[in-house]
Amino acid sequence: SNPPEPSLVHHSPMAFHLSRLRAARRLRSLHFVPGGSQKFLDKALASRADALIIDLEDSVLPAEKPAARAEVGKWMASTNWGDKTVCVRINPLDTQLWEEDVEMTMKAEKPDMLVVPKVSSRDDLEKLGEKLSEVEQKLGREVGATTVLPIVSEVPEAPLRANEIARHPRVEAITWGAEDLSAELGAKRRRDGAGEYLEVFQLCRSLTLLAAKGAKVQAIDTVYTSLKDLDGLRSESEKSADTGFDGKLTIHPDQIDVVNAAFSPSLKEVAEAKELLEAAKSQPGAFRFKGQMVDIPHFKQAQRILDRADFAGSSESVPSPATWPEGPYHGKWLEELTEGLIIPHALTRTVTETDNLMFTTMTLNPARLHLDYESAKGTQFGQPLVNSMFTVALLVGMSVLETTHGTTIANLGFEEVLFPRPVFFGDTLRAETEVMKNRPSSSNPSRGIVTFEHRAFNQKGELVCKARRNAMMRKRPSNL
């Protein structure tokens with residue numbers, strides 16, 4: 001059993017054990033991030049989510065799983081996660097994929113937890129636990145330190161075994177989901193006309209909550225799939241918190257702050273909880289407090305509110321600004337940009353009429369050649385031309401990811417910009433960059449100037465833009 005709370009046990013003749021959260025982590029919001037997608041990871045790192053679930057299951061196509069798994073392994077080794085709990089959702093244990101997920105994504109310190117889909121019994125977690133112990137020992141991690149969050153409702157036999165699943169020693173929290181179960185059941189829908197879960201799904205939700213509380217682990221409510229309905233999300237999250245859930249899964253960044261607020265106590269709740277526990281110190285048993293009789297269940301609930309406040313602060317407090325994380329660094333460092341290096345760029349772009357119209361009007365360019373279609377018919381081209389300033393901007397933009405992303409100090413300017421052929425609506429552009437010069441700084445050994453020549457080609461392979469520019473580049477820092 002949990003140890004008694006000192007301030008109440010030693011100062012009151014009435015001793016009781018408080019029901020405190022087992023985990024040392026607060027899990028109000030657990031946000032899904034598609035495995036291997038750097039764009040989504042960057043957004044998630046800048047959010048206020050308590051935990052990130054890097055997903056290798058549903059959000060990754062089968063053919064892309066090996067590459068996503070390898071990328072996630074790199075994230076685990078090199079990303080600055082701040083104070084976020086880091087989870088990886090592995091593939092189901094009845095597939096051939098999950099062991100590779102574990103082997104390739106487990107690193108010396110991360111992840112903290114594995115999210116396990118389609119768990120059907122405690123035996124599944126025993127099998128996973130054996131593999132985790134083997135990998136932990138190999139990595140020098142404390143055996144047993146990696147916890148798990150099983151999803152206990154995705155197969156029909158699981159909900160009635162939720163209690164035994166939740167009591168596995170590696171379990172830190174459990175959650176449920178309606179989507180996979182509805183497919184297993186052949187259910188036509190999951191909610192009624194009022195937006196409430198149908199009976200069988202509500203039963204699974206309740207069994208998840210009861211199993212978690214019985215096992216003294218955290219209960220996490222499932223996703224809310226109507227992304228634009230934040231009022232509906234708020235209502236469902238508040239009801240979940242009122243019922244006893246500790247947090248909720250999220251699938252869009254806009255949901256995170258709404259969920260955090262719902263699962264954080266208000267200033268009023270914290271003040272009342274402190275007042276009740278202070279009054280309990282001098283009472284021998286049940287007593288009247290603000291017009292109602294209170295006893296041990298009320299004291300436990302008050303302590304639970306304070307535990308949540310310790311983890312999360314109040315829902316009415318002003319949140320600290322989200323900070324953009326340092327890194328990641330997709331570009332090349334100064335020493336990697338050797339003269340003569342040619343870098344083909346992965347990003348391509350089909351230029352549209354809207355691109356041209358918006359760019360031209362936003363930059364206050366009145367040229368008829370871009371905006372006056374009738375006038376353009378009389379030119380040698382017989383149609384409007386895409387604004388050449390858009391073309392060069394697009395070219396440089398396509399080059400950033402593999403050249404200067406996270407590794408540049410400043411763009412110093414362009415030496416030459418040429419447009420050998422026009423660009424028309426519907427042209428698809430690709431790009432490459434050649435390193436023309438690399439000049440380390442004589443006054444600052446941590447940087448230097450690199451001259452790039454960016455080249456854009458249309459779908460016919462014709463050169464449509466060439467831009468030579470200088471950039472101040474960083475050498476790789478010693479800590480990376």
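Is Y373 buried, exposed or partly exposed? With a relative accessibility of 31%, Y373 counts as partly exposed, where buried means under 20% relative accessible area, exposed over 50%, and partly exposed in between, with a 1.4 Å probe and protein chains only.

Some ground rules before going on. This is a predicted model, in which local features need pLDDT of at least 70 and side-chain atom pairs count only at pLDDT 80 or more, while totals for chains, interfaces and linings use all residues. Residues are numbered from 1 along each chain as its sequence is written, and side-chain values use heavy atoms, with hydrogens and water left out.

Now the overall picture. The protein chain has 16 helices and 16 strands; these are DSSP runs numbered from the N terminus, helices being H or I with at least four residues and strands being E with at least two. The C-alpha trace spans about 95 × 55 × 45 Å along its principal axes. Of the 480 residues, 47% count as buried. The chain exposes about 23600 Å², and carbon and sulfur atoms supply 52% of that; accessible areas come from the Shrake-Rupley method with a 1.4 Å probe, and for residues only the protein chains shown count as cover. Among contacts with a separation of 6 or more, 72% come from residues 24 or more positions apart, contact meaning heavy atoms within 4.5 Å.

Next, the aromatic rings. Rings of Phe, Tyr and Trp (its six-membered ring) pair if their centres lie within 6.5 Å; planes under 30 degrees apart count as stacked, over 60 as edge-to-face, and the rest as tilted. By this rule there are five aromatic pairs. In one of them, W176 and Y197, the centres are 5.1 Å apart and the planes stand at 70°, so this pair is edge-to-face. W176 sits in the loop between β6 (173-175) and α7 (179-185), and Y197 in the loop between α7 and α8 (199-215), 21 residues apart. Both W176 and Y197 are buried.

Y373 and F425 form a tilted pair, 6.2 Å centre to centre with 35° between the planes. Y373 lies in helix α15 (residues 373-377) and F425 in the loop between β13 (408-418) and β14 (428-440), so the pair ties together parts 52 residues apart in sequence. F425, at 23% relative accessibility, counts as partly exposed.

A few backbone items. The peptide bond from K110 to P111 is cis, with omega near 5°, and P111 is in the loop between α4 (98-105) and β4 (113-116). K118 is not a glycine, yet has a positive phi of about 55°; K118 lies in the loop between β4 and α5 (122-139). L364, also not a glycine, has a positive phi of about 60°. L364 is in the loop between α13 (353-362) and α14 (368-371) and, at 73% relative accessibility, counts as exposed.

Last, I449. This residue is in strand β15 (residues 447-457). Beyond its neighbours within four places in sequence, I449 is in contact with residues including L412, K437 and M472.
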